[in-house]
Amino acid sequence: MLKIRNIESGYGKLRVLKKISLHVDGGEIVTLIGANGAGKTTLLYTIAGMIRATGGDIVLLDRNLKSSTPQQIVKMGCSLVPEGRQVFATMSVEDNLILGGYVRYKRDKEYSQVSELSAIYDLFPVLKDRKNQLAGTLSGGEQQMLAMGRALMAGPKLIMMDEPSTGLAPLIVKDIFKIILRLREAGNTVLLVEQNAKAALSIADRGYVLETGKIILQGPADDLLNNSDVQRAYLGRDVDVETATCDIV
Amino acid sequence: MSLDLFSQYIFAGITYGIIYAIVAIGFNIIYNTTGIINFAQGEFVMLGGMTAISFNHFIPLPMAIIAAVLFTMLIGALIEIVFIRWLESPSVLRMIIITIGLSIIIREIALHVWGDTVRALPYFTGNVVSSVTLLGASISPQVLWVLAVCSCIVVLLSLFFKFTPLGKEMQACAANRLAATLCGINAKNMVTFSFMLSAAIGAVAGCVVSPITSSQYDMGTGLAIKGFTVAVLGGLGNSMAAVAAGLLLGILEAFSIAVGFPLAFQDAISISILLIILFVRPHGLFGNKEAASLKEF
């Protein structure tokens, strides 16, 4: 589905990603873990077209995305749920969802807003109860669900999520991860970026470990979960300052 | 005060009020997509009136107005493309200062092109002395034109923002530009479009009002201040509230003359109202406090 080869990217002269290669197959949950500043968000933004890659190739379904605009990339079927939710706070929940679907609504004659909306409401019943409320008044967990629902409205083939668990209570995080599993059951492909490494690896099929702009480890999620380096650095089995935040679930 | 005189003042107030409302709506459109206040909005009104007058020397009035509106839209688009579009994540303050600078430049260019003579478009129907009697007040048919055209603009716009995809996309850009981009909305085009729309509305207002108030190169500043007052009074971003607030301000001004305030104090009244509102109800008379607290500015 998604193939990334030797990608290089960054902000101005700062090179954040140093020749990263990874691939995501259809129907998989692939997780990308790493500490703060490892380049996880930068990688997602580069795939989504918000940051221009300076080298390498990004291929989604046999089409090269490297010089596409964010709008074109969403149309090709790759949606990003940004970190920190980023809902349209001053608009109603339903308008938020409808806006997510406009890319399809405009070019796809068979696209039905009503059935698409009800599919999202089935997945997130709480959004249906609050559909006329302003999105900014929702709780953090509800906003995360709204952001996910909005991205799904575009009918993405690949959905990328940037730290969906940030700032949420452990119980809500569980709900969010359950929904991600349900997305895979429904045939979606997910690229999940997380600091909460244990939770992410426990639902993912495969994982990559990113450190200072390089991929240092990769493999099936179970292997990574049992890997002693990963355990020490990201799962808090060893006393390490950096891991204190990773031990939530 | 006799009933006739009362309705005379009411009509005067409504006429000015609806013009202020239209300028305020111009502010609101750009505010709604970009979150900035375009202080060159008054200049769009001036440009609309002045270019229509110039075009009217060569082509009939309706054509001249259409041409003037298109011309002003073009200027609006150019302003956005040349001065705003290429800025990478500009701050609200920076954009506001740019628009203030633009308003000064446009005004100076207008002074060079048209000079400081006061001009006016001919009355759309009848002439200076023709009048209709309505509720005991004798009013110029042009006042009815102003009311009709401005009401149409208000209704069409609110339908546009509520029900059309384009309108909602413009709102989405205002609410969260990053998220709008990630939803596949071309935020930059939306901003260009909002400048064009608000320039067009300003130009229409400039044309219909020109026979009554006349047009001059510096008419924009005063209108911009009044329009801004009205926009804040109603609650920034809320076009229907802007209409109510505009009528309120217009009628207040009209009656302030009736009760003996000197004409020169008219502007002082609107500025005082602006200050009071900013102190007491910064989200405006009809603004939603909840929504206002979610906005960045």
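The model shown in every figure is predicted.

Figure 1. Leaving aside residues up to four places away in sequence, V126(A) touches E142(A) and M145(A). L146(A) is 20 residues away from V126(A) along the chain. The C-alpha atoms of V126(A) and L146(A) are separated by 9.5 Å.

**Figure 2. Chain A as a whole.** Chain A contains 10 helices and 10 strands. Its C-alpha trace spans about 50 × 40 × 35 Å along the principal axes. The radius of gyration of chain A is 18 Å, which agrees with the value near 18 Å for a compact globule of 249 residues. Of the 249 residues in chain A, 47% are buried. Contacts also reach along the sequence. Among those between residues at least 6 apart in chain A, 65% join residues at least 24 apart.

**Figure 3. The open sheet of 6 strands in chain A.** The strand order is β6-β7-β8-β3-β9-β10 (chain A), and the pairing is mixed. β6 (78-81) and β10 (214-220) of chain A stand at the edges. Each has a single partner strand, so one side of each has no neighbour in the sheet. From one strand to the next, the twist averages 15 degrees.

**Figure 4. Strands β7 and β8 of chain A, joined in parallel.** β7 of chain A covers residues 158-162, and β8 of chain A covers residues 189-194. The two strands run parallel and are joined by 5 bridges. One pairing to look for is M161(A), whose bridge partner in β8(A) is L192(A).

**Figure 5. Helices α1 and α7 of chain A on the sheet.** Helix α1 of chain A, residues 40-48, packs on the sheet. There, α1 of chain A touches β3 (29-33), β6, β7, β8 and β9 (206-211) of chain A. The direction of this helix makes about 145 degrees with that of β7(A). Helix α7 of chain A, residues 170-185, also packs on the sheet. Its strand contacts are β3, β7 and β8 of chain A. The direction of α7 makes about 155 degrees with that of β8(A).

**Figure 6. Where chain A meets chain B.** Here 25 residues of chain A are in contact with 18 residues of chain B. On the chain A side, the elements giving two or more residues are α2 (70-76) and α3 (93-107) of chain A. α3(A) gives the most, with 7 residues. By class, the chain A side has 16 nonpolar, 6 polar and 3 charged residues.

**Figure 7. Crossing of helices α1 and α9 in chain B.** α1 of chain B covers residues 3-34, and α9 of chain B covers residues 219-234. Their axes come within 7 Å and cross at roughly 75 degrees. α1(B) and α9(B) are therefore roughly perpendicular to each other. Residues of α1(B) in the contact include Y20(B), A24(B) and F27(B). Those of α9(B) include L223(B), F228(B) and V230(B). The contact of α1(B) with α9(B) has 10 nonpolar, 4 polar and 1 charged residues.

Technical notes. Residues are numbered from 1 along each chain as its sequence is written. Chains are lettered from A and ligands numbered from 1 in the order in which they are written. This is a predicted model: local features need pLDDT of at least 70, side-chain atom pairs count only at pLDDT 80 or more; totals for chains, interfaces and linings use all residues. Two strands pair if DSSP finds at least two bridges between them. Helices (H or I, at least four residues) and strands (E, at least two) are DSSP runs, numbered from the N terminus. Axes are lines fitted to C-alpha atoms, for helices over the stretch in contact, and angles run from 0 to 180 degrees between N-to-C directions. Two residues are in contact if their C-beta atoms, placed from the backbone, lie within 7 Å. Ala, Val, Leu, Ile, Met, Phe, Trp, Tyr, Cys and Pro count as nonpolar, Asp, Glu, Lys and Arg as charged, and the others, Gly among them, as polar. The radius of gyration is taken over C-alpha atoms; the globule rule is 2.2 Å times the number of residues to the power 0.38. A residue is buried if 20 or more other C-beta atoms lie within 10 Å of its own, exposed if 12 or fewer, and partly exposed in between; C-beta atoms are placed from the backbone. Angles under 35 degrees count as roughly parallel, over 145 as roughly antiparallel, 65 to 115 as roughly perpendicular and the rest as oblique.
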